[in-house]
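Please look at the sequence and the model below.

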Amino acid sequence: MEISGAGGLFSTYSICSNAAGIAGNLFAFVLFVSPIPTFRRIIRNKSTEQFSGLPYIYALLNCLICLWYGTPIVSPGIILVFTVNSVGAVFQLAYILIFIVYAERTKKLKMLGLLFGVFTAFAAVFSISICLFQPPNRQTFVGYLSVISLISMFASPLFIINLVIRTRSVEYMPFYLSLATFLMSLSFFAYGMFKKDPFIYVPNGIGGVLGIIQLVLYWRYSRPNEEPTRPLLESNA
């Protein structure tokens with residue numbers, strides 16, 4: 001009976017862990033597809049206009065580092081971190097390539113240089129972690145890099161939070177993106193807790209707090225007739 005009970009508890013624990021990770025993947029997918037309207041406009045107008053490609057460069061580097069952290073050779077047992085960041089990397093790379101195709105020459109060269117820099121940086125992380133570190137030190141090394149990368153991505157929501165407070169308007173903070181960001185962070189926070197992995201639950205815990213702040217600000221400053229425009233992340237502002 002004790003063995004059966006322990007097995008049932010382990011099974012429930014595993015199911016809850018996987019459910020949290022899968023939910024995080026689904027909510028992340030919402031964020032990955034959110035720039036599609038912007039790139040439809042770029043393709044339709046055959047111009048990048050005033051849009052910036054930098055957010056997608058940063059996001060690609062973040063996805064590459066985090067997917068490497070999620071690989072079994074670095075961190076066994078967290079494959080759902082690998083899957084979500086693999087999908088994210090494909091989306092970000094696609095957005096970057098579209099941007100390069102339709103950008104003016106100066107922007108095109110700049111983006112090509114930054115893209116080369118991203119792959120060079122990732123190759124360095126890959127090589128150093130394989131050649132200089134053995135488990136579990138490899139996981140620690142890549143884990144710290146992934147946390148630094150994730151925390152650097154918080155600059156955008158912090159900027160938007162500051163903008164909303166300053167302008168008392170949610171024009172550049174669409175509700176569905178704020179909600180998806182919060183739910184994704186919450187899901188991966190739970191996944192990290194189930195896996196007892198601080199490199200997952202710490203940055204996502206911070207992301208969850210920022211998500212709550214965004215939702216509170218939306219409730220505080222949204223007006224019935226105000227329709228949010230595109231996310232500020234997609235603009236050159």
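## A buried threonine

T48 has a relative accessibility of 3% and therefore counts as buried, since the cut-off for buried is under 20%. The structure is a predicted model, and this value is computed from it.

T48 sits in the loop that links α2 (36–45) to α3. Apart from neighbours within four places in sequence, T48 contacts I42, F99, Y102, A103 and K107.

## Helices α3 and α5

Helix α3 covers residues 54–69 and helix α5 covers residues 105–132. Their axes come within 10 Å and cross at roughly 15°. Angles under 35 degrees count as roughly parallel, so α3 and α5 are roughly parallel to each other. The crossing of α3 past α5 is right-handed.

On the α3 side, the contact is formed by L54, I57, L60, L61, L64, I65 and W68. On the α5 side, it is formed by M111, L114, L115, V118, F119, A121, F122, V125, F126, S129 and I130. By type, the residues of this contact are 17 nonpolar, one polar and no charged.

## Annotated transmembrane regions

An unreviewed UniProt entry places the feature "transmembrane region" at residues 12–33, 54–71, 77–102, 114–135, 141–163, 175–194 and 200–221.

Key:
Residues are numbered from 1 along each chain as its sequence is written. This is a predicted model: local features need pLDDT of at least 70, side-chain atom pairs count only at pLDDT 80 or more; totals for chains, interfaces and linings use all residues. Side-chain values use heavy atoms; hydrogens and water are left out. Axes are lines fitted to C-alpha atoms, for helices over the stretch in contact, and angles run from 0 to 180 degrees between N-to-C directions. Helices (H or I, at least four residues) and strands (E, at least two) are DSSP runs, numbered from the N terminus. Angles under 35 degrees count as roughly parallel, over 145 as roughly antiparallel, 65 to 115 as roughly perpendicular and the rest as oblique. A crossing is left-handed if the near helix is turned anticlockwise from the far one by less than a right angle, and right-handed if clockwise. Contact means heavy atoms within 4.5 Å. Ala, Val, Leu, Ile, Met, Phe, Trp, Tyr, Cys and Pro count as nonpolar, Asp, Glu, Lys and Arg as charged, and the others, Gly among them, as polar. UniProt positions are given in the numbering used here, feature names are shortened, and annotations may be inferred rather than shown by experiment. Buried means under 20% relative accessible area, exposed over 50%, partly exposed in between (1.4 Å probe, protein chains only).
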